[in-house]
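Morning, everyone. Please have the sequence and the 3D view open while I talk. Here it is.

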Amino acid sequence: MTARAAHPPIHPIIGHERAQQVLMAAVRTQRLAHAYLFTGPDGIGKRLVATRWAMAINCEAPPKTGFGGCGACRACTMALAGNHPDLIVIEPDGLFIKIEQIRAVQAALGLTAWSGSRKIILIDQADRLNQEAANCLLKTLEEPPAASLLILISASPDDLLPTLRSRCHPIRFSPLAPDALTPWLIGEQRWSAEDAALVGAVAGGCIGRALAVDPSTLREERDQIDHWITESCLERTGSDRALSRLTEGAETAALTPEQFERTLRWLLLWLQDAVRLIVSTNQAGALSRFPSAQRAARQLPIAACSDLASQLHWTWRASYRNINRHLLLEQWLIALREAYLGSPHRSRSQEPTAP
Ligand SMILES: [Zn+2]
């Protein structure tokens with residue numbers, strides 16, 4: 001059996017207020033469904049919410065307000081230590097969740113729960129159930145044992161069997177606004193404002209992603225992107241060298257889908273910075289994460305930024321349709337270069353003030 005007890009991560013839940021309310025209302029009114037499906041991007045806190053909710057369900061002295069258990073009773077103490085006998089976590093064993101793991105779950109569900117609590121099975125990355133395992137789990141969902149609760153967690157719920165999905169009560173998790181993450185990174189993680197703003201933006205509102213990032217590596221990556229854009233797109237002289245730098249960089253960035261997506265995220269941040277600087281009436285006061293965006297903002301027409309944003313989103317979508325990533329990236333950078341170099345130099349006073 002590859003199941004193991006849950007170890008709730010130590011960081012607090014940030015955001016997801018609606019999900020917390022719905023889940024605690026179900027506990028307090030004792031109207032729990034037999035199965036739930038938590039969906040939302042990776043690293044957003046689905047598993048953290050699930051483990052804290054499981055603690056609340058089996059707590060011996062549940063608090064009347066707030067989210068989670070009391071944190072002090074025997075059940076909560078065991079849950080916090082990761083050894084509550086009725087909280088079992090299943091996750092992929094290698095690439096997939098296999099039928100033996102689901103059979104082990106079924107065997108555990110057949111045993112009496114400890115001290116009158118509910119048997120809770122948390123299946124993380126449920127979209128990785130292989131066909132056999134999914135069919136096996138379906139039987140449990142069709143006839144759920146009394147005092148049992150299944151929580152399926154997935155960032156790609158469309159990859160789950162529709163029959164599995166339809167038997168679960170859905171709880172959706174959305175990314176936090178980067179602004180919600182930044183104060184917590186500064187206050188609790190003691191990060192500098194610059195690091196927190198950078199990581200908050202790159203993590204796309206996912207706390208798990210933010211905590212997995214090393215700010216110094218991120219700064220280095222940002223500096224590389226900044227340097228690359230300057231050399232490839234903003235230099236008026238030596239266009240042959242600039243274009244070969246542009247192609248080389250695009251080739252490296254497009255090597256893997258992950259690297260490509262990461263580069264697009266950086267380019268989007270860069271463009272957001274440039275737009276913010278262009279529309280800002282206080283150039284000096286507007287902070288930029290990229291010196292090259294500051295330079296570009298002095299000359300890039302706002303209408304071109306809007307086209308570049310559309311093209312970037314199109315590039316993102318097109319990459320899912322097996323279109324050559326390298327060429328997509330090259331096209332976008334050439335469009336940026338042309339927009340920047342082709343635009344007549346204007347003074348700030350002649351530029352539009354808002355998009
Ligand atoms: Zn408790």
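Let's start inside. The largest nonpolar core has 59 residues. A nonpolar core here is a set of buried Ala, Val, Leu, Ile, Met, Phe, Trp, Tyr and Cys residues joined through C-beta atoms within 7 Å. Buried means that 20 or more other C-beta atoms lie within 10 Å of a residue's own; 12 or fewer is exposed, in between is partly exposed, and C-beta atoms are placed from the backbone. Ala-54, Leu-122, Ile-123, Ile-151 and Leu-152 have the most contacts inside this core. Helix α2 (residues 46–58) gives the largest share, eight residues. Domain 1 (4–172) and domain 2 (176–213) each supply at least three residues.

Before going on, a word on the source. This is a predicted model: local features need pLDDT of at least 70, side-chain atom pairs count only at pLDDT 80 or more, and totals for chains, interfaces and linings use all residues. Numbering runs from 1 along each chain as its sequence is written.

What does Ile-151 touch? Leaving out residues up to four places away in sequence, Ile-151 touches Tyr-36, Phe-38, Ala-50, Ile-120 and Leu-122. A contact means that two C-beta atoms, placed from the backbone, lie within 7 Å. Apart from this core lies another, of 31 residues, including Trp-228 and Trp-266.

Next, strand β2 (residues 35–39). Helices (H or I, at least four residues) and strands (E, at least two) are DSSP runs, numbered from the N terminus. Five of the five residues in β2 are buried. Ala-35, Leu-37 and Thr-39 point one way, while Tyr-36 and Phe-38 point the other. Why? In a regular strand, side chains alternate between the two faces of the sheet.

Which strands pair with β2? Pairing takes at least two DSSP bridges between two strands. Strand β5 (residues 148–154) runs parallel to β2, with five bridges. There, Leu-37 stands opposite Leu-152. Strand β6 (residues 169–172) also runs parallel to β2, with four bridges. Thr-39 has Arg-172 as its bridge partner in β6.

On to Leu-23, in helix α1 (residues 17–28). Is Leu-23 buried or exposed? Leu-23 counts as buried because it has 25 C-beta neighbours inside 10 Å. Beyond four places in sequence, Leu-23 touches Trp-53 and Ile-171. Asp-240 is another matter: from Leu-23 it is 217 residues away in sequence and 60 Å away in space, C-alpha to C-alpha.

Zoom out. The chain has 15 helices and six strands. It is divided into domain 1 (4–172), domain 2 (176–213) and domain 3 (214–350), with bounds from an automatic or database domain assignment. The centres of domain 1 and domain 3, over C-alpha atoms, are 42 Å apart. The C-alpha atoms fill a box of roughly 75 × 40 × 30 Å along the principal axes. Of the 355 residues, 37% are buried.

Last, confidence. pLDDT is the predictor's confidence in each residue, from 0 to 100. The chain's mean is 85, and 91% of its residues reach 70 or more. Where pLDDT is low, the predicted coordinates should not be read in detail.
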